[in-house]
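Welcome, and thanks for taking a look at this one with us. Here is a short briefing to read alongside the sequence and the model.

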Amino acid sequence: MSTATITYDDRTVRRFMTASIFWGIVGMLVGVLAATQLSWWQMNGKFLEAITFGLVKSEGLSYITFGRIRPLHTNAVIFAFVGNMVFAGVYYSTQRLCKVRLASDWLSKIHFWGWQLIIVGAAITLPAGLTRGKEYAELIWPLNIAVVVIWVIFGVNFFWTLAKRNEPSLYVSLWFYIATIVTIALLYVVNHLSIPTSLIHSYPIFGGVQDGLVQWWYGHNAVAFFLTTPILGIMYYFVPKAVDRPVYSYRLSIIHFWALVFIYIWAGPHHLLNTSLPRWLQTLGMLFSLMLWAPSWAGMLNGLLTLRGAWDKLRTDPIIKFFAVAVTFYGMSTFEGPLLSIRSVNALSHYTDWTIGHVHSGALGWNGFMAAGMFYWLAPRLWSTKLWSTAMANMHFWVGLVGILLYVSAMWVAGITQGLMLSETNPGGATLKYEFVETLQTIHIPYMLRSFGGGLYLLGFILCAVNIFMTARTGSATDATVEVKLLQKEKKDRMTLSEAFGSDPVIYAVLGIVFMILWFFLPPHADKAALIVAVILCIKGISVFRQSSKTWAEYFNRLLENYLPFTILIFGAAAIGGVVQIIPSLLVNRAVNVEDRLQLPYTPLELAGRDIYVAEGCYNCHSQMIRTLVPDVLRYGPAKDQGYSRLGESIYDHPYQWGSKRTGPDLAREGGALAAGAKSMRIGRRDNLWHFNHFLDPRQTSPGSNMPPYPWLFEAKADLKSLPKRIAVQSTLGVPWPAMTKDEIEQSARDQAVEISQALVKAGAYLPDRPDLEGENLRRYLSETQVVALIAYVQKIGTYQLVETPPAEVPPLNPDAYRKPVNR
């Protein structure tokens with residue numbers, strides 16, 4: 001057998017690691033700023049006036065308002081910090097596991113620089129209010145295409161490297177990398193399907209409940225396959241390397257991998273419990289979320305038990321500290337996640353800061369500490385020297401640990417407190433005791449502790465950056481060189497697809513899954529027959545396995561020597577859940593299938609206002625979904641028997657805006673009926689002047705509010721010129737817009753703007769910074785502003801028309817649920 005000397009491409013690894021540290025600090029800094037804004041609204045820019053002693057006048061800066069920088073923070077931490085860390089870990093370990101240099105230096109360079117340019121693009125567009133309005137999927141469509149192109153380049157480089165490998169079998173880390181690449185590609189493409197209206201704007205092809213389902217199929221599994229599976233692959237490589245011991249159990253890693261890949265993809269609907277999402281999807285999401293406990297803890301135990309025999313190093317080795325705590329946080333997060341997916345627990349936790357604490361325990365405790373451990377392990381090897389300061393690394397560990405524990409604990413306290421307060425009724429039980437502002441005042445101290453804890457965590461990574469920088473300065477960049485035995489082609493990738501997919505393990509697994517799905521969907525009696533067949537197949541499969549366990553083991557070992565069929569099986573295991581959940585929703589989310597209400601389409605001006613609402617990121621603090629819970633209905637739905645939100649009330653919303661966090665109240669009932677004698681103007685729960693003053697100075701209408709002012713809405717003009725194109729796209733998506741010419745669309749918007757501005761002036765609206773504007777001049781000025789368009793939209797939210805539906809098709813909430821509601 002011939003040998004060859006190979007020099008690994010560690011330059012690419014160094015680049016991605018350096019970028020990860022840099023963007024991590026940026027993302028965490030933005031996060032600390034966003035956290036402080038929830039405690040002190042003046043951090044939106046008003047503080048500039050204070051620290052300059054009035055020399056700089058600022059009521060707020062549009063590009064650092066919470067609604068805009070929260071998406072910047074999440075994208076920076078997920079895709080910039082963790083993303084670059086993942087690429088560094090994948091490229092370093094894949095070369096060693098395959099005993100070959102990365103397939104293409106050019107693809108590696110394009111991958112690195114392309115990814116950084118995408119991050120820069122996000123850093124520019126998101127603060128500018130250019131967004132799709134979907135969590136973790138906010139980037140505008142040109143950047144989305146760039147992400148797909150760079151991800152394909154990454155995939156080609158990775159799979160090309162696998163094809164050139166000099167190691168016959170694929171190690172467990174490579175399984176997780178493969179699952180990450182193929183599944184993220186599927187998730188990202190489907191959730192970002194959009195029709196552009198301009199170079200910087202588009203509408204998603206999905207709307208309403210369907211958009212919500214697709215969003216959380218993507219959002220939940222972006223956590224699964226971007227923040228979990230690649231980090232698990234990194235864990236399976238770097239933890240054994242750090243302790244110089246093999247993985248505790250290879251068999252456990254097999255169970256961990258396949259169960260995780262198959263089950264995770266089904267769990268997304270648990271983000272939409274107690275909403276108008278069809279009940280069967282909610283139940284499915286909850287059940288699969290609970291099943292995630294087993295494989296997740298299998299991986300956690302496998303990681304911790306790999307550290308056996310090396311616990312004494314915890315006292316002296318910061319790398320082992322980071323890895324041990326990271327895996328522990330993985331176990332904590334994957335215990336808490338299924339817990340929060342239980343319907344009764346979710347009723348308390350959803351829309352509160354408990355969920356925020358859960359997300360950060362995973363992103364910072366699991367991902368962040370794994371990243372730090374990996375960086376400290378890699379740096380001496382990448383620069384051929386010792387770590388500059390072990391003491392500083394230990395300091396980073398303790399500062400970061402205290403920071404994340406403070407953060408998560410504060411969010412637990414804030415979330416549970418807010419959830420309980422918002423559900424508490426007065427002694428009579430007919431009305432609720434607390435309003436949102438009262439809950440914010442109660443949890444102000446936990447919010448301050450959250451900011452302090454986040455600041456400590458940021459400080460830890462600043463220490464890490466200094467340590468890595470000094471390590472690089474004291475050493476010299478080195479690409480490892482090794483001599484390897486070249487693998488003959490006949491010893492890898494020789495299995496045919498018929499051999500791979502025609503084996504007993506695959507046949508029994510596929511048939512069992514098919515009949516279980518049929519059991520769920522078939523009508524009575526037929527479903528029982530499908531269940532019986534599924535049980536028989538399971539029993540038969542177990543029997544065959546016991547009789548020929550060696551044959552099954554040999555099959556799997558052969559499969560690991562053939563990356564293409566292995567990849568196809570992974571894709572199939574991951575994709576089936578999405579197919580089963582999403583395709584039925586394509587049929588449900590239609591006007592002919594709604595319950596008793598159908599959304600009234602927007603007018604042109606209201607659509608312009610909705611686009612402003614999305615651009616300002618209002619969905620980060622406000623939901624538009626009254627859940628099927630008594631407290632929600634008491635707070636938002638009792639007037640005119642409106643009750644909880646129905647599927648049809650948001651059916652034309654592209655994108656949906658149900659939200660996932662309530663810092664302020666739900667807005668699904670803000671809209672109102674047509675005013676007497678008017679054709680376009682709507683008066684909702686509050687009049688136009690209230691909304692005008694609320695956007696100008698929230699504390700004027702809601703004392704104690706932490707919402708920032710929006711002075712730029714009173715200066716910027718509403719974009720009416722783009723409305724014809726946007727309406728044309730929405731018509732293509734099935735929104736029933738009436739036939740209108742370009743001039744008719746713009747004139748309709750102007751007429752409604754004039755109507756609202758006239759009402760505002762008549763009610764006494766004024767602009768403190770523009771005392772020169774009054775009367776007709778003020779009316780003319782306001783009619784062109786964004787604030788009038790936004791008021792038009794807010795006054796329309798939740799308006800619907802009745803449709804004939806048998807009472808049996810309306811899910812009951814209480815005996816009054818079937819009382820005939822009124823048109824809104």
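Which residues lie nearest the centre of the second largest cavity? In this predicted model, they are Gln624, Glu649, Ser650, Asp653 and Gly798.

**Cavities**
- The model has seven cavities of 30 Å³ or more.
- The second largest cavity holds about 120 Å³ of space, and 16 residues line it.
- Sorted by class, that lining is made up of six nonpolar, six polar and four charged residues.

**Helices H1 and H4**
- Helix H1 covers residues 10-39 and helix H4 covers residues 105-125; their axes come within 10 Å of each other and cross at roughly 10 degrees.
- Because angles under 35 degrees count as roughly parallel, H1 is roughly parallel to H4.
- On the H1 side, the contact is made by Thr12, Arg15, Phe16, Ala19 and Trp23.
- These residues meet Ser108, Lys109, His111, Phe112, Trp113, Gln116, Ile119 and Val120 in H4.
- By class, seven nonpolar, four polar and two charged residues take part in this contact of H1 with H4.

Technical notes:
Residues are numbered from 1 along each chain as its sequence is written. This is a predicted model: local features need pLDDT of at least 70, side-chain atom pairs count only at pLDDT 80 or more; totals for chains, interfaces and linings use all residues. Side-chain values use heavy atoms; hydrogens and water are left out. Axes are lines fitted to C-alpha atoms, for helices over the stretch in contact, and angles run from 0 to 180 degrees between N-to-C directions. Helices (H or I, at least four residues) and strands (E, at least two) are DSSP runs, numbered from the N terminus. Angles under 35 degrees count as roughly parallel, over 145 as roughly antiparallel, 65 to 115 as roughly perpendicular and the rest as oblique. Contact means heavy atoms within 4.5 Å. Ala, Val, Leu, Ile, Met, Phe, Trp, Tyr, Cys and Pro count as nonpolar, Asp, Glu, Lys and Arg as charged, and the others, Gly among them, as polar. On a 1 Å grid over the protein atoms alone, a cavity is a set of points where a 1.4 Å probe fits but cannot get out, and a pocket is an open set with protein on both sides within 12 Å along at least five of seven lines; lining residues have an atom within 4 Å of a point. Grid points are joined across faces, edges and corners, and a volume is the space filled by probe spheres set on the points.
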